[in-house]
Amino acid sequence: ELFDSDKSGQDNSDFKKCSPVSSPVNNEGRDLQPQQKRQLCSPEGHHAERSQASDDNAMTSRFTFGDEQLPKRIKLACSPFHPVKITKKTRIPGIEKAQKKLSLLKDCVEKSRKFSVLVVVLHPCHIKEIKMGRNTSCKVPLATVVVADQSDMRQKIVLWRAAAFLSLTVFPGDIILFTDVVVCENRWVGEMMLQSTFTTKLVNLGSCSAINLKEASHLVDSHLLQDLLTYVSAKHSPLQALPPRQSQSLDHIPHILLNRLKPNTLVHAVVRIINITVLIESTYSFKGEKQSKIILTVEQIKGQPYALVIWGDAASRYLQLQRKKDHIWEFKYLFVKDNPVSGVLELHTTPWSVLECLFDDDEKAEAFREKFERKVQESMKMTTLASHLEEKCSGIIQVKACVSKLSFTVASLSHGQLVFDGDTSLEHVFASLPLITYKGCAKCGHERETDDNEIYKQCPTCLPSNQVKIFYRPAVMTVEEGDYEISVRVGSELMEKMFLNIPAEWLKKAVGPSSDTTYGMLVADLCHTLLTDSKASYLLTIRSHFVLDENSFPLEKDFQLLEFHLDL
């Protein structure tokens, strides 16, 4: 889970003022120099200074670069990086001192002093959050890296708070220089470990199979490095057989096709949001508060959905994502990883991710439609109701028409039908809103019945999932064009889209903190306008199906709404 927990555990006043930073160097000799208030380091060794410009419609970032040297004690920031070539004149602050005092792991026993160690990474672990002190809401990030060196000793290095994010920059087989770590004891298991301090730095020299001794000689003693590589070759030879990682520059992140995703890479993607799911029972701590996991269903090619998980600060865009569902969005700096349960590749936002809803005339949106939706549009036939009913051909069509009636099946009513038309008052539509919604299985949408104790019965096909969600009831919409009309089936999802993507569970919710207007009032007004505005025309994508007899007389006719747009 990639999320910024920088403010999760601020019970320590010193941590508010300072945090460990790192200056990784890869095998190409690139340095990560601290440039901003907070910084996150990458294995490829880039750095950048990021300044944010607030924008309600689009989160945009402007990057500037420089070689200014900032104070040691600075916080980690969720910022992209820019490559800087190391020369003999370019030195990492604090490293020259460290390379003269490198210690073997077996000699790190004294608790009162700081050590600098040159080690090989055996395996890192995921970032966790743990509770600190009596205040259960106070949590801090924590990660552990298991390392070894030529003294043939394995050791755990515990990275706290901001330094925990440094574990994202290391992989098995990497040669790492840790500075200013101290000895600590895990009293629960009686194990001695090393842990980070506020001045800890991390330098990634690269993979043990591809490290350049000459380029690393000005950072660490070449004899010590050679001894470590010899030890790795003799005792941990499988690490040298690991395939080389492809280096990524954050200045050249590609806009990826979803069907060509590769794990553990950063990508940009232009996608269309199909659905939004909020997992109420799946929560995590962010900045001291519980936050629900948000999963977007996105796609480029019709019918090929992918999951995009929203974390941290990006989750604050939920309302805009909900309102702009079915629109084309651009997501930058997404991390691709395997789902630990299904093994399917997923996209995850990172602390420096950028989310932007594209206008219809944006070049990227036009390119998206040209590449992924043009063939679908060409396969559709633009027609009129009169000609389509005369041709009696099954398929997908597009028509421009108006809506004259909405019919809902409501079992609780004596006649079983609730009908809205042009003569229905706005007040009646608003009062009837509870009747056009139902509570169903959050996974499949099937209506959930209750037993005698008013407890919802399980949905047998979706067990063990037992979440309940409020949906709009499916409806039958009467569509008119001239003297012709047809009855079109409309599903729950498209009913929500017709109501500007306002979820059914929001109907009683106020639009603003100090507003008396509820979302239910907006939905009632939208529904009333839909039926009474005779001048409004809508572009409808409909799947039609005809069953004809031997004389081409229609025995059955079925029409299902696929897309709904206001005809501009």
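Modeller: Start with a pair: the side chains of glutamate 185 and lysine 111 meet in a salt bridge, N to O 3.6 Å. A salt bridge here is a side-chain nitrogen of Lys or Arg within 4 Å of a carboxyl oxygen of Asp or Glu. This is a predicted model, where local features need pLDDT of at least 70, side-chain atom pairs count only at pLDDT 80 or more, and totals for chains, interfaces and linings use all residues. Residues are numbered from 1 along each chain as its sequence is written, and side-chain values use heavy atoms, with hydrogens and water left out.

Colleague: How many residues apart in sequence are the parts that glutamate 185 and lysine 111 tie together?

Modeller: Glutamate 185 lies in strand E8 (residues 174-186). Lysine 111 is in the loop between strand E3 (102-103) and strand E4 (115-124). Strands (E, at least two residues) and helices (H or I, at least four) are DSSP runs, numbered from the N terminus. So the pair ties together parts that are 74 residues apart.

Colleague: Glutamate 447 and arginine 473 also meet in a salt bridge. Is arginine 473 buried or exposed?

Modeller: The N to O distance in that pair is 3.5 Å. Buried means under 20% relative accessible area, exposed over 50%, partly exposed in between (1.4 Å probe, protein chains only). Glutamate 447, at 40%, is partly exposed. Arginine 473 has a relative accessible area of 14%, so the term for this residue is buried.

Colleague: Which residue forms a salt bridge with glutamate 563?

Modeller: The closest N and O atoms of the pair are 2.6 Å apart. Glutamate 563 lies in strand E24 (residues 554-566) and its partner in helix H10 (residues 492-498), so parts 66 residues apart in sequence are tied together. Glutamate 563 is partly exposed at 22%. The partner is buried at 14%: lysine 497.

Colleague: Where is lysine 325 found, and what is its relative accessible area?

Modeller: Lysine 325 sits in the loop between helix H6 (318-323) and strand E14 (328-338). Leaving aside neighbours within four places in sequence, its contacts (heavy atoms within 4.5 Å) include Ile273, Asn275 and Glu496. Lysine 325 is buried, because its relative accessible area is 7%.
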